[in-house]
Amino acid sequence: MKVLFERNVACTMRDGVTLRANLFRPEEGDGYPVVLTRLPYGKDTSFAYLLLDPVRLAEAGYMVVIQDVRGCFASEGVYGGFYQEFDDGYDTVEWASKLPGSNGKVGMYGASYFGFTQWAAAVSGHPALTTVAPTVPLDDPWDGVTFRGGALEWGTMASWYLTALALPQLARLRGREPGFPLEFVQLVNDADRLSHEGYYQLPLSEFAPLRRTGLLPDFFEEMTSNTDVRHRNRLNIRPHYATMNVSASLTGGWYDVFLHPTLVSYESLKAAGKKVRLTLGPWTHGNQGSAVGDLDFGMAANSALLNLKEDPTLRHQRWFDEELKGVGRGLEAEPPVEIFVMGINRWRLASEWPLPNTEYRPWYLHSQGNASTRSGDGTLSEVPPTAEPADEYVYNPADPVKTLGGNVLMTAAYPAGPKEQTETEMREDVLVFTSEPFAEPVEVTGPIVAKLWVQSSAKDTDFVVRLTDVHPDGSSYNLADGIVRMRHRQGQDSVAWMNPHEVYEILVDLWATSNVFLAGHRVRVQVTSSCFPRWNRNLNTGESNETTAEFITATQRVLHDSDHPSHLILPVVPLA
Ligand code: BEZ
């Protein structure tokens, strides 16, 4: 089948603004479903073509529309952030469903921001939108995107703002002004210096690129928790899953910065009785290959060859064939959950997430009070503690624990994924608790949470917990982690100060993983108070961590005794 390509096809929104798209369609015939993606990163850039090949999909009988969102690249208007994607999503679906040759049914696809544009269109409720296929999507810009556990996702926000938003916006808004070349070079330099200078600037609100360019003057106003809750909730997709009228095929990664939103989407749609599938690889936000971080998970992990059966274009096509054309492609017969189990490096099919037969088992922290560093006396076991001294360390914001792998989306100096943890685990301000080696392999697949009893000399501070897999040679690779900013321990929208030295029970959400601890491997838990620059530093003063620069050290204690049995809850499942 021959394919026609048209660039800059215009679509007018309700307020008269024209958005432009690239269109790939079969040269002849009609009655084709439309497959749409709406992105802010440029319909003519490689971003637009990473997930599926529009030519192949058009050859398979689809009209593929790749549209620049409002205020970006070839589309008119002023970029107004995530808010604009609801009405514009509706109007674009309306237009797409009426394109000559279309059968009136629309499906959407795309990753991350253009995962959100799918949810926004689904919330807006156009009846032609039948199905979505979001990859690494976000569904609440304030949860796991700008904030995690009350801490600012500074690593992600600063690098995303600079490279993905500010540079193209500067070119668009000021590209014809005489000062533009200099401004552009300055911004590129800011991006280049972010890893070792920009991230470290205090107060954060004086972050030079924001101040100088004035492109997002309200950035910290918008980001800090003082923002009006009703305004923020306009962007939250979560209340709408039950009523949105679409099926969904979700793809995510164990080391993706938006792993949690992907799981929330799956669980919410499932609970609402929608048709939904979930694929999770050992991937980061931008790497769906087989080598991720320091580890190589093998060829079958690579999404280009997923489970040695299909590439992303074919995976999307099978889904759209079923949902938009009603052509059976065998998906009904395949369990809806397909996840990659690290350690044994194999895909596993399941009927639901979390997996059936999951046993949530507590693993308790132990020591004689000297658990600092991996050379300390911290241990981890399934036996609750009795009488044990607490562990103590000093957290100094001037010397935070550096981000080393994990679910990050930062500059190249801070790669995502599993990274060997020696540098972190040799620090005096990191408590390390390690189990005995397993005699038999043990599979841990599911959500992970830590319950800790803590004290601090400060009225506000942070606690960070990380789970690792320790190999027989002593190397330790991060699997999952999380943070609690104590002032927000009761929720992002409330502030509760600590009374210095009072004991607090906290829950740290480590999101999820899937890993077999092979025979001879050990489980390890790190407890510390920073992971910078991923999360902005808590300055320990109780003042704003965004608009002030003064800081003090905090003396932290982690208790583990019969009244305060600090532990991690591991989801143990029968071996895959
Ligand atoms: C993204 O599209 O990759 C993205 C969107 C929002 C925040 C960070 C990243």
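Colleague: In which loop is Asn345 found?

Modeller: Asn345 is in the loop between β13 and β14 (346-350). Helices here are DSSP runs of H or I with at least four residues, strands are E runs of at least two, and both are numbered from the N terminus. This is a predicted model, where local features need pLDDT of at least 70, side-chain atom pairs count only at pLDDT 80 or more, and totals for chains, interfaces and linings use all residues. Residues are numbered from 1 along each chain as its sequence is written, and side-chain values use heavy atoms, with hydrogens and water left out.

Colleague: What is the phi of Asn345?

Modeller: Positive, about 50°, although Asn345 is not a glycine.

Colleague: Cis or trans, the peptide bond from Leu202 to Pro203?

Modeller: Cis, with omega near -10°. Pro203 sits in the loop between α5 (180-193) and α6 (208-213). Phe532 and Pro533 are also joined by a cis peptide bond, with omega about 10°. Pro533 is in the loop between β23 (522-528) and β24 (554-561).

Colleague: On to the ligand. Which residues are around it?

Modeller: Tyr41, Ser112, Tyr113, Leu138, Val145, Thr156, Trp160, Phe258, His285 and Leu409. To count, a residue needs a heavy atom within 4 Å of the molecule.

Colleague: How does that shell split by class?

Modeller: It has 7 nonpolar, 3 polar and no charged residues. Ala, Val, Leu, Ile, Met, Phe, Trp, Tyr, Cys and Pro count as nonpolar, Asp, Glu, Lys and Arg as charged, and the others, Gly among them, as polar.

Colleague: Which atom of Tyr41 lies 2.5 Å from an oxygen atom of the ligand?

Modeller: A polar side-chain atom. His285 also places a polar side-chain atom by a ligand oxygen, at 2.9 Å. With Tyr113, a backbone N or O atom lies 3.0 Å from an oxygen atom of the ligand. The cut-off for a polar contact is a pair of N or O atoms within 3.5 Å.

Colleague: How much of the ligand's accessible area does the protein cover?

Modeller: The protein covers 95% of the 260 Å² that the ligand has on its own. That is Shrake-Rupley with a 1.4 Å probe.

Colleague: Which pocket does the ligand take up?

Modeller: The largest pocket. A molecule sits in a pocket or cavity if more than half of its atoms lie within 2 Å of its grid points. The grid is 1 Å, over the protein atoms alone; a cavity is a set of points where a 1.4 Å probe fits but cannot get out, a pocket is an open set with protein on both sides within 12 Å along at least five of seven lines, and lining residues have an atom within 4 Å of a point.

Colleague: What volume does the largest pocket have?

Modeller: About 760 Å³. A volume is the space filled by probe spheres set on the points, which are joined across faces, edges and corners. The lining has 31 residues, and the closest to the pocket centre are Phe47, Ser112, His285, Gly286 and Leu409. α3 (113-124) and α4 (154-174) are the elements that give two or more residues to that lining. The largest share, 6 residues, is from α4. By class the pocket lining has 20 nonpolar, 11 polar and no charged residues.

Colleague: How many cavities of 30 Å³ or more?

Modeller: The count comes to 6. The largest cavity has a volume of about 190 Å³. It is lined by 19 residues, with Ser249, Arg277, Thr279, Glu310 and Arg315 nearest its centre.

Colleague: What gives the most to the lining of the largest cavity?

Modeller: α10, with 4 residues. By class, the largest cavity has 7 nonpolar, 5 polar and 7 charged residues in its lining.

Conventions:
A polar contact is a pair of N or O atoms within 3.5 Å; within protein, one must be able to donate a hydrogen and the other to accept it, and residues adjacent in sequence count only if both atoms are side-chain atoms.
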